[in-house]
Amino acid sequence: MKNGTGLFSQIAQGFSDLCYIWWLEVKNTFKDEGMLIFFILVPIGYPLLYSWIYNNEVVREVPVAIVDMSHSKSSRSFIQKFNASPDTRAAYYCNNLDDAKNLVGQQKVHGVLYFPSDFQKDIRRGGQGKVDVYCDMSLMLTYKAIYQTAQAIALDMNSEMQKPNAGGITNRDDEINTEPLHVERIQMFNSTGGYGNALLPAVLILILQQTLLLGIGLSAGTARENNRYKDLVPISKHYNGIFRIVLGKSLCYFMIYCVMGAYITLCVPRFFHYTSLVHGADLLGLMIPYLLSCIFFGMTMSCIVRYRENVLLLVVFTSVPFLFMSGISWPQSNIPGIWKGISCLFPSTFGIRGFLKISSMGGTLQDMATEYKALWIQTICYFFTTCIVYRMQINAARRHAIEHLERLKKKLEE
């Protein structure tokens, strides 16, 4: 009975300590304006801003300068079809290529169509007509609109020019002779072909990780700047339970980000009508290990934050590399092996891939089994690294306290 009572007493004391540490962390979080900004305001506001910027999905009426040195029926027909496209607009007609380049430099147009003087002559001779397309590559969406529109018109005009020589009896025969292999493009998952639907899911998941790193790092930096070791490890009577400290602090972050995670992954895509095929059970299965791995990863990394400003530089600098290494904006097959290995260290890599499978592709938890297992492995590994880091910080705090007491004794003795 005594052993049973003692065990129950230890469990009750451990739970009481964990709740106390959780309560201290909650108070510290809501007292610190910086942590409130990164934990609440940024996760609420930044996804809305980013989604609003790309809400149009595709660009329309991209202005283009026309340089028609041919002045022929064929060039006029090409320009009319180009101008009739919903994606592009013939905004300026120039006499030479230099004038068109100046318009591009002034950002009045985003591309140039150039028809050489022998454009129609080459076609009538049975040769190959040439149309030069110059695009401003500073914005991928405008480049895509201009290039794909010009390419589609060229293919269409090419078929029309081949029909008189096709030798078909009916119009259907001419169509088959000029296009024996019909290709129909169907966009899988991203039905709109928009940039927002392609990139937004990855950005939303990355926001969760980066804001957690910012908030946790800011808390650690503040404690070190003020030499407040009691904030790092609440009070001396809890020093003996390192698991209690880690679990108590992480429970505070997890509770906040359960709300933020539901808002970002469920509400934001619906606000802007982005594709969202996610199911509640699959999302819950992904987000639990993802948030836990991000929290313990942030707590581990907080040991290198000496000042509040350091965490801002660290997180902002790593945001774009994290996005590239996930394979969403750069093909995974083209990523060097060493960077693939490094990317496995970050929760965002597997979180982004898993969320894309269940949100954009309508997959299930079984479809993202690799990412699911990897996130749980990261959670366990980073939990123990956090315990090691916090134990080292506790020992440092104790040494500092002992040294401080010894200095005070010497002063009193003098």
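**Salt bridges and a cavity in a predicted model**

Biologist: Quick one to start: does Glu371 count as buried or exposed?
Modeller: Glu371 counts as buried, since its relative accessibility is 6% (buried is under 20% relative accessible area, exposed over 50%, partly exposed in between, with a 1.4 Å probe and protein chains only). This is a predicted model, where local features need pLDDT of at least 70 and side-chain atom pairs pLDDT 80 or more, while totals for chains, interfaces and linings use all residues. Residues are numbered from 1 along each chain, and side-chain values use heavy atoms, without hydrogens and water.

Biologist: Okay, and which residue does Glu371 form a salt bridge with?
Modeller: Its partner is Lys357, and the closest N and O atoms of the two are 3.1 Å apart (a salt bridge needs a Lys or Arg side-chain nitrogen within 4 Å of an Asp or Glu carboxyl oxygen). Because Glu371 belongs to helix H15 (residues 369–413) and Lys357 to helix H14, the pair ties together parts 14 residues apart in sequence (helices, H or I, have at least four residues and strands, E, at least two, as DSSP runs).

Biologist: And Lys357, what does it count as?
Modeller: Lys357 is partly exposed, with a relative accessible area of 25%.

Biologist: How many salt bridges does the structure hold?
Modeller: There are 5 salt bridges in the structure. One of them joins the side chains of Glu25 and Lys249, at 2.8 Å from N to O. That pair links distant parts of the chain, with Glu25 in helix H1 (residues 2–31) and Lys249 in helix H10 (residues 242–271), 224 residues apart.

Biologist: Are Glu25 and Lys249 buried or exposed?
Modeller: Glu25 is buried, at a relative accessible area of 3%, and Lys249 is buried too, at 4%.

Biologist: What about Asp87 and Arg60?
Modeller: Their side chains also meet in a salt bridge, 2.4 Å from N to O. Asp87 sits in the loop between helix H3 (73–84) and strand S2 (88–94), whereas Arg60 sits in the loop between H2 and strand S1 (62–68), so numbered that the two are 27 residues apart.

Biologist: Switching topic, how many cavities of 30 Å³ or more are there?
Modeller: The structure holds 1 cavity of that volume (a set of 1 Å grid points where a 1.4 Å probe fits but cannot get out, with lining residues having an atom within 4 Å of a point).

Biologist: Which residues line the largest cavity?
Modeller: Among them are Asn197, Leu200, Pro201, Leu204, Tyr274 and Phe355. Helix H8 (195–225) and helix H14 (347–359) each supply at least two lining residues, and the largest share, 4 residues, comes from H8.

Note on methods
1 Å grid on protein atoms, 1.4 Å probe; cavity = no way out; pocket = protein on both sides within 12 Å on 5 of 7 lines; lining within 4 Å. Points joined across faces, edges and corners; volume = space filled by probe spheres on them.
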